[in-house]
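Reader: I would like a close look at a single part of this model, with the terms spelled out as they come up. Please take me through it in one connected account.

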Amino acid sequence: MSDVMHSIQFANQKLANRFALAPMTRTSAEADGTPNSAMADHYEAYAKGGFGLLITEGTYTDNGASQGYGNQPGLINDAHIAGWKTIVERVHAAGSNIFVQLMHAGSQFQANHYTDQPIAPSAVKPKGSPLGIYGDQTEWKTPKSMTVEDIQFAIAGFVQASQNAQAAGFDGIELHGANGYLLNQFLSTYFNQRDDSYGGSLENRLRIVVETIKAIRAVVGSDFTLGIRLSQVAVTDPDYQLPEGEAGFRQIVEAVRDAGADFVHTTDGDVRRAAFIEGDKSLADVAAEVQGVALIINGGIDETNHSHFAADYPQALLAVGKKALANPDFVQRLKDGKEIMDMDFAMLQPKATIANEQAWRRKQSA
């Protein structure tokens with residue numbers, strides 16, 4: 001316990017402890033993507049609850065097809081910057097650091113303020129159905145296969161949003177390269193069926209990721225913290241595996257490090273899940289073996305196992321999702337030895353918004 005609670009140096013950051021708030025979609029911004037007071041209260045609660053680092057929900061990056069959900073926050077204009085700046089200042093005042101997660105939806109597109117047409121590496125729909133807690137769309141749309149110009153526009157969006165993140169006062173950036181969103185789609189042989197330099201071999205499928213990281217690093221400077229969240233599985237496809245297996249995932253981690261990423265954030269259903277076609281290593285195991293890049297791990301971390309994960313991955317941050325949503329003061333409760341509640345999915349009904357979560361909390365305390 002004490003080691004987890006000690007301050008730590010992580011990728012140019014001095015953090016109060018090793019607990020991070022995992023990014024969680026809340027669909028609670030204004031219709032135009034501007035962060036609001038409800039979001040400020042939401043993030044401040046986690047900072048006051050003791051998390052050393054907060055990672056925001058996925059935040060869209062351009063006025064094209066990057067937005068994936070209604071009421072998703074953006075970071076593309078002055079109003080967005082101002083809204084996030086208020087949140088950042090309140091989080092800092094409460095003693096935590098905060099990274100913004102930058103996300104392009106790709107084909108996982110349920111609602112967009114700017115366009116009705118999703119774009120993706122190839123004209124391939126996601127498997128399964130859209131998540132009802134994030135919108136009313138019942139079927140995925142067929143995306144338009146991205147041209148090279150579309151790819152360059154998407155990269156430029158990530159770059160500008162990164163500069164906007166600096167202007168808003170964020171401590172760092174996490175690119176969303178996981179869970180079936182655009183950067184993850186390029187890595188996936190299910191989504192990416194291209195026959196140009198952005199498809200085919202893993203080196204080619206990595207190209208947009210590497211180019212994005214290099215382009216961001218060139219404008220934010222060497223001291224601004226930059227990382228990427230990585231998974232194999234997608235929101236609606238829990239079974240996808242890289243055909244290149246463990247060696248392929250190691251290649252991805254090494255490539256993002258060499259491009260300029262300070263950290264990788266692995267996410268899976270369970271940190272220890274054997275993730276590859278062969279062998280028993282998890283994503284976190286492979287990432288931890290790569291020198292020169294910091295690590296955040298996510299997947300089933302709670303009050304019963306955090307000390308084991310902290311010992312097994314001694315330099316990693318522990319990102320908590322479901323238990324944090326149930327207990328915004330999760331870290332403080334651990335310190336004080338107080339009861340930690342289980343996640344009740346009723347707080348996400350009928351939609352996973354901050355307002356519905358607060359209504360659920362009022363009902364429980366009535």
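Author: What follows is a close look at one strand and its neighbours, and then at a helix contact and some backbone details.

This is a predicted model, in which local features need pLDDT of at least 70 and side-chain atom pairs count only at pLDDT 80 or more, while totals for chains, interfaces and linings use all residues. Residues are numbered from 1 along each chain as its sequence is written, and side-chain values use heavy atoms, with hydrogens and water left out.

Helices (H or I, at least four residues) and strands (E, at least two) are DSSP runs, numbered from the N terminus. Strand β9 covers residues 225-234, and ten of its ten residues are buried, so β9 is largely enclosed by the rest of the structure; buried means under 20% relative accessible area, against over 50% for exposed and partly exposed in between, with a 1.4 Å probe and protein chains only. Two strands pair if DSSP finds at least two bridges between them. β9 pairs in the parallel sense with strand β8 (residues 172-179) over seven bridges, and also in the parallel sense with strand β10 (residues 263-267), there over four bridges. Arg229 of β9 takes part in both pairings, being the bridge partner of His176 and having His265 in β10 as its own bridge partner.

Strand β8 also holds Asn179, which has a positive phi of about 60 degrees although it is not a glycine. Most residues other than glycine have a negative phi, and most peptide bonds are trans. Asn179 counts as buried, at 16% relative accessibility. Ala11, in the loop between β1 (8-10) and β2 (13-15), likewise has a positive phi, of about 45 degrees, and counts as buried at 17% relative accessibility. A cis peptide bond joins Gln349 and Pro350, with omega about -5 degrees, and Pro350 lies in the loop between α12 (330-336) and α13 (354-365).

Turning to the helices, the axes of α3 (residues 78-93) and α4 (residues 148-168) come within 8 Å and cross at roughly 45 degrees. That makes α3 oblique to α4, since angles under 35 degrees count as roughly parallel, over 145 as roughly antiparallel, 65 to 115 as roughly perpendicular and the rest as oblique. Where they meet (contact means heavy atoms within 4.5 Å), Ile81, Trp84, Lys85 and Val88 in α3 face Asn164, Ala167 and Ala168 in α4.

Technical notes
Axes fitted to C-alpha atoms, helices over the stretch in contact; angles between N-to-C directions.
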